[in-house]
Every structure is written in C-alpha cells, then in structure tokens.
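I opened my notebook to look up a few packing details in this one. Here is what I jotted down, entry by entry.

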Amino acid sequence: MKALNESDADRISSLPDDVIQRIVAFLPVKDGAKTATLSKQWRHNWGATAKLVFNGGFCQISAVEDYVLKASKLMSEIYKALLLHEGPITELVLEIPGLRPCTDMDLMMLFVSKKSVQKLTLSFYEKRALEDKISSALFTARQLSYLRLRNCEFTAPSWFLGFSKLARLDLYGVHVPSPSNFCEDFLPKCPVLQHLIFVIQGSDSRKAELVSPCLKVFESNLWNICFKHTPFLSTVRIELLDVYENDKLSKYRAYDPDIAAAFSSLPAIEKLIIGGQWMGFLASGKVPSKLPTYLHQLKDLELGDILLYRLSEARVLICLIASSPNLRKLTVVCNCIHASLPKKRTIDILQLLEEHDHPTASCFQCLEEMSISDVLGMQVELNLLRFVLATAPQLRRIFIKPDGKMDPRKGHKFFKEVTRFKRVSREAEVIYVSKDEN
C-alpha cells in the first residue's frame, strides 16, 4: 500500500480558513484551545472563535476539602486558555458545576474588560455561592451589553460608574443586600437597560422604587416595589416564589402596600402578569375602585394564584379590570386551597362594580379571549364568567380548565351552567378543557 505523504495526512489544514474556524467553534473550549499550539495557522483559527463556553465539558469541581486549591488551579487553566485567544471575544460563558465565586476570578474579569467582551454569563450552582461576592473587577467591564448571573452576592462597589451599554441584565437567585438600593442607585447607572430579570434570595422591608427610563421588560419576585419612572416598560411579570413562604399576608400591612402607587408610572404597559402571593400583598393594603391613571396600553392581563372568594383579592381584580379599558386577553388562575374554602363563596363581581359606580358596559369592550384555570366550581367563578359573557361584545373564546381534583360530574355541571348564560357577543364560544387535556 502506498504510504500517505504529509499533505495527504493533514487534509483538514488545507481547508479554507472560514471552514476550519467553524469547526473549531463547535469544539469544547478545552479542545479548541489545544489546537492553538499546532501551528501559527491554527492559533489564528482559535483566535477567530468569538464565543467561548466553559461548562461541565471543560471541568467539574466537587465539594472537597481542598476546594480552594482546585478552584485556583481551574481558574489558572481557564486564564491560560483565554491568553491563547488573540482575536476578539464577543461572548464568554462560565457554567462549571461546583464552581463558586472566588478571588481567582479577578484576572478573568480584568480580561473580560480589556477584551471588550459584550456578553457575559456566570452561573454558580452551589447554594453556598450566595455567601460569596462576585469579583469587583466585573464592574470595570463597562462595555457589557448583556450580563447574566446566577447564585452569588451582587454588590456594586462605591467606585462603580455604571454600565453605559448594558441592554439586558439577568440576575437569578442572587443575594442583593438591599433591593431598594439596587433599584434606586444601581439601575440609574445603566441608562440604556431594556430587559431586566431580577430574582433574588432574601427580602427587604423597604419599598423599592424602580427608576429605569429605557426599561421595556421586567421580571422579578420582588414584592414591595413601586414603578416610579418606567415610561417605556411594556411587559411586567411579578411572581413571588417559595423564598417568601414564611411571610404571612397579615404582616404585609406593615409594609404599606399601595396598588395605586405601584402602578403609577406604567403608561406603556401592554402585558401584566401577577403570580404567587403578590395578589395577596396588593390586597392587604388600600385598594381603590380604579387606578388614578388608566392603563390604556394594557392588552394582556394574567392573574395567578388568586383567591376569588376573598373579597380583598376580588377588589384587586375589579380595580385592574376597571383601569384597563383596552384589555384583549384575560387569564385567571385560581388558587386551589381546598382546606381553607369559606362557607360563603358568593361574591358578585357585578355587585362590586355597582358599589363603586363603575359603568359595567364599558369594562370589556375590547376583550377577545379569556381563560380561567384551576376552577373549583364555586359560585364566585360562575359570577365572573356570567359578567364577562354579558359585557364583552368582541369576545370570541372562553377557556375553562378545571382543578385536577375536581370531580368530572361537577365539572360537567359547571360547564353546562356557563353555556346557558346570556352572551352579548354572537361569536363567543365556551370551551371546556378537561383534566386530560391540561
């Protein structure tokens, strides 16, 4: 057999540079960095890789006694791989299982700053990572446009001047010593921020006033919040997670919940999602018949974990409905607390509106679709559906989804009764989604 010459044996090196660079881009960082030692050509190809991902394929760290030594050695290997990269880096991802924030990351953060990395992801999975502060060197990377952090303490140093180009900030499970200071001091230093996910560990009794003039999307589990200056905010999602399971609704009153103040600066809001115990928090304070300023742009309203039979939460529902004249989609997810159902569950939505002198005919003039989930078959649920069918001339569909423990016969009886209600829209269709279809 004829022996292979050198050119036949290294066919990959003879491929066009753009093809080789795409191949190297799909390799794990550990293998991609090794190609840089093959030749000057391969060093160039490795340097052309714009996105670097350090994850479980690169290394893992177990919770052992010599963790500090192993973490230091790992960060040294990562830094060496970065030094071999001579080209621009647009995105850097660090998601190594077991790794926690440490001082050895300072060099990497300085590298991020000098390399003008635009997108940075740092995910730590250990719960103890919350005890460790993220490297202060991170705050020198003023060119960042996207920053994603998970499980660490996030505190900006006093000398921090701001992220002037940051458009998106995702903070998952972070510990922020003072959420109110974060909203009032840190966010104004991010003048072009448009998308903020702010899911924190812990709580703060002080009311946080959100000031972010360019913000468009906000998702959080922060409950004591007021949208003070958010003129372009179009999507808001507030869901209280298990982190607040020890907080009792009766204690909320001490924090002066004020739904009117909370929604005082949302002129561009188009989609509002309220979940968890935030309905309970808003309901524990003073609830006006309607907000001081109409939410004219609100098209999509979703209320989760609502106790319809609780008068205070029913008033929050009425307040939001009466303040949203152009609502097109309404989603209601009932709270299924079977053990605490009161004996009297006959709150009449129509009666509540009449008590506050609301023109009922104007409530759902633009509503096209409604969905009510986790239905228990209570009278208050029937009253709500009867009211919607009787006042929504543009209504096309109502979806009814029963609670998983609801008896099928009771569900069929509930649906049959709803279909008999008077409908102001000739196109309105009532659709029952069985438990098997949920």
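Entry one, a helix pair. I am working from a predicted model, and I began with helix 5 (residues 67-83) and helix 6 (residues 106-114), whose axes lie 9 Å apart at an angle of about 20°. Angles under 35 degrees count as roughly parallel, so helix 5 is roughly parallel to helix 6. I noted the crossing of helix 5 and helix 6 as left-handed. Which residues make the contact? From helix 5 I listed Met-75, Ile-78, Tyr-79 and Leu-82, and from helix 6 Leu-107, Met-108 and Phe-111. Sorted by class, the contact of helix 5 with helix 6 has 7 nonpolar residues, no polar ones and no charged ones.

Entry two, the core. I looked up the largest nonpolar core, which holds 119 residues. Which members touch the most others? They are Leu-99, Phe-182, Phe-218 and Phe-263. I followed up Phe-182: setting aside neighbours within four places in sequence, I found Phe-182 in contact with Phe-154, Leu-169, Leu-171, Val-176, Leu-187, Leu-196 and Phe-198. A reminder to myself: nonpolar side chains tend to be buried together in soluble globular proteins.

I found Val-424 in the loop between helix 13 (408-419) and strand 16 (429-432). Is Val-424 buried, exposed or partly exposed? Its relative accessible area is 43%, so I put Val-424 down as partly exposed. Beyond neighbours within four places in sequence, Val-424 is in contact with Leu-389, Ala-390, Thr-391, Ala-392 and Pro-393. I also checked Val-388: C-alpha to C-alpha, Val-424 and Val-388 are 9.2 Å apart in space, and 36 residues apart in sequence.

Technical notes
Residues numbered from 1 in each chain as written. Predicted model: local features only at pLDDT ≥ 70, side-chain atom pairs only at ≥ 80, totals over all residues. Heavy atoms only, no water. Core = buried A, V, L, I, M, F, W, Y, C linked by side-chain atoms within 4.5 Å. Buried < 20%, exposed > 50% of the residue type's maximum accessible area, 1.4 Å probe, protein only. Contact = heavy atoms within 4.5 Å. Axes fitted to C-alpha atoms, helices over the stretch in contact; angles between N-to-C directions. Helix = DSSP H or I, 4+ residues; strand = E, 2+ residues; numbered from the N terminus. Parallel < 35°, antiparallel > 145°, perpendicular 65-115°, else oblique. Left-handed = near helix turned anticlockwise from the far one by under 90°. Nonpolar A, V, L, I, M, F, W, Y, C, P; charged D, E, K, R; others polar.
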